[in-house]
Amino acid sequence: MDNIASTIQVVPLNHYILLSAILFSIGVMGVLIRRNAIIIFMCIELMLNSVNLLLVAFSAYSGDASGQVFVFFIMALAAAEVAVGLAIIVMVYRNTSSIDINILNRLKW
Amino acid sequence: MSLFYLVAFLSILFSLLVIFTKNPVYSVLYLIATFFTFTIHYILLNAQFLAIVNFIVYMGAIMVLFLFVLMLMNLNKDTEPMKSNLLKIAGVIAGGTLLVTLVSSIKALQTSAVATTTNSQIGLVGNLGKVLFREFLLPFEISSILLLSAMVGAVLLAKKDKRTQNG
């Protein structure tokens, strides 16, 4: 327990912020370069998780438990979001036989 | 100390593999690996409750849901449509610009180098439960309503529509 807790005493907080920023940017890149709707959805999950990691790091470094409670709520929200989003993707696949997001531009008309 | 940098390298590597692998099933598997590295990060930060919840909810439930939908649609082939190279490069440049902006704003920020208050017992189940059920009781109950409405909505959306099936 003691050597686990000593990690936050040697790693600066800046490195956690940097790691979260890199992972968030990778999620944004994934949303921009892929056309498969499920992959885009997974990249959104990746962005949510990088924010979770940042909140936990802030909470551990400042000694405040509220950040970890926020992460708990974000996880509940992500579960709800995945259920509804995947239902929408199944619906789109049933109507268009594809989950290519370029087909979805027919939603304009 | 070096364990953090190793795990951080692994999370960046796996998340890059998620967005650059062509086969969607491999993408889901790499995303599971990424979430496992997040679990290790939580353990290193001594947030044990969140580590277990992350393990069960993300790797257990959400990723199985993704994999299930992907297999159900029979999309596990390499010939999925990809964007043109120009759009890919533009996307990478846009993401890189966001990263540069974030990093430069971090540089301007003055944060303390290491932890000031070392109350390492915060992330344990008992302490977190006390905070959750005392200060955050109302949001906790509202999130239960959110989960119920999401369940109803998912069933309603994924149900077969009789009219469109017949006509």
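Helices here are DSSP runs of H or I with at least four residues, strands are runs of E with at least two, and both are numbered from the N terminus. With that in hand, chain B reads along its sequence as α-α-α-α-α-α-α, which comes to seven helices and zero strands.

Before I go on, a word on what we are looking at. This is a predicted model, in which local features need pLDDT of at least 70 and side-chain atom pairs count only at pLDDT 80 or more, while totals for chains, interfaces and linings use all residues. Residues are numbered from 1 along each chain as its sequence is written, and chains are lettered from A and ligands numbered from 1 in the order in which they are written.

Let me stay with chain B for a moment. I will call a residue buried if 20 or more other C-beta atoms lie within 10 Å of its own, exposed if 12 or fewer do, and partly exposed in between, with the C-beta atoms placed from the backbone. By that rule, 23% of the 167 residues of chain B count as buried. Two residues are in contact if their C-beta atoms, placed from the backbone, lie within 7 Å; among contacts in chain B between residues at least 6 apart in sequence, 58% join residues at least 24 apart.

B:Asn46 lies in the loop between α2 and α3 of chain B, and B:Asn46 counts as buried because it has 22 C-beta neighbours inside 10 Å. Most residues other than glycine have a negative phi, yet B:Asn46, which is not a glycine, has a positive phi of about 65 degrees. B:Asn85, by contrast, is found in helix α4 of chain B, residues 85-108, and with 8 C-beta neighbours inside 10 Å it counts as exposed. From B:Asn85 to B:Ile106 there are 21 residues in sequence and 31 Å in space, C-alpha to C-alpha.

Now to where the two chains meet. The contact takes 64 residues from chain A and 73 residues from chain B. On the side of chain A that touches chain B, the elements giving two or more residues are α1 (2-5), α2 (7-10), α3 (13-33), α4 (37-62) and α5 (66-96) of chain A, and the largest share, 21 residues, comes from α5(A). In sorting residues by class, Ala, Val, Leu, Ile, Met, Phe, Trp, Tyr, Cys and Pro count as nonpolar, Asp, Glu, Lys and Arg as charged, and the others, Gly among them, as polar. That side of chain A then has 49 nonpolar, 12 polar and three charged residues.

How are α3(A) and α1(B) placed relative to each other? They pack at an angle of about 5 degrees with their axes 9 Å apart, where axes are lines fitted to C-alpha atoms, for helices over the stretch in contact, and angles run from 0 to 180 degrees between N-to-C directions. Angles under 35 degrees count as roughly parallel, over 145 as roughly antiparallel, 65 to 115 as roughly perpendicular and the rest as oblique, so α3(A) is roughly parallel to α1(B). Among the residues making this contact are A:Leu19 and A:Ile26 of α3(A) and B:Ile12 and B:Leu16 of α1(B), and by class the contact divides into 11 nonpolar, three polar and no charged residues.

Next, α4(A). Since 20 of its 26 residues are buried, α4(A) is largely enclosed by the rest of the structure. Just after α4(A), A:Gly63 takes a positive phi of about 70 degrees.

A nonpolar core is a set of buried Ala, Val, Leu, Ile, Met, Phe, Trp, Tyr and Cys residues joined through C-beta atoms within 7 Å. The largest such core has 63 residues, and A:Ile38, A:Met42, A:Val56, A:Ala57, B:Ala47 and B:Leu50 touch the most other members. The largest share of this core, 15 residues, comes from α4(A). Not counting residues up to four places away in sequence, A:Ala57 touches A:Leu13, A:Tyr16 and B:Leu45.

Finally, α5(A), whose buried residues pack against α4 of chain A together with α3, α5 and α6 (137-158) of chain B. One of those buried residues is A:Leu86, which has 22 other C-beta atoms within 10 Å. Leaving out residues up to four places away in sequence, A:Leu86 touches B:Leu65 and B:Val69. Just after α5(A), A:Ser97 takes a positive phi of about 55 degrees.
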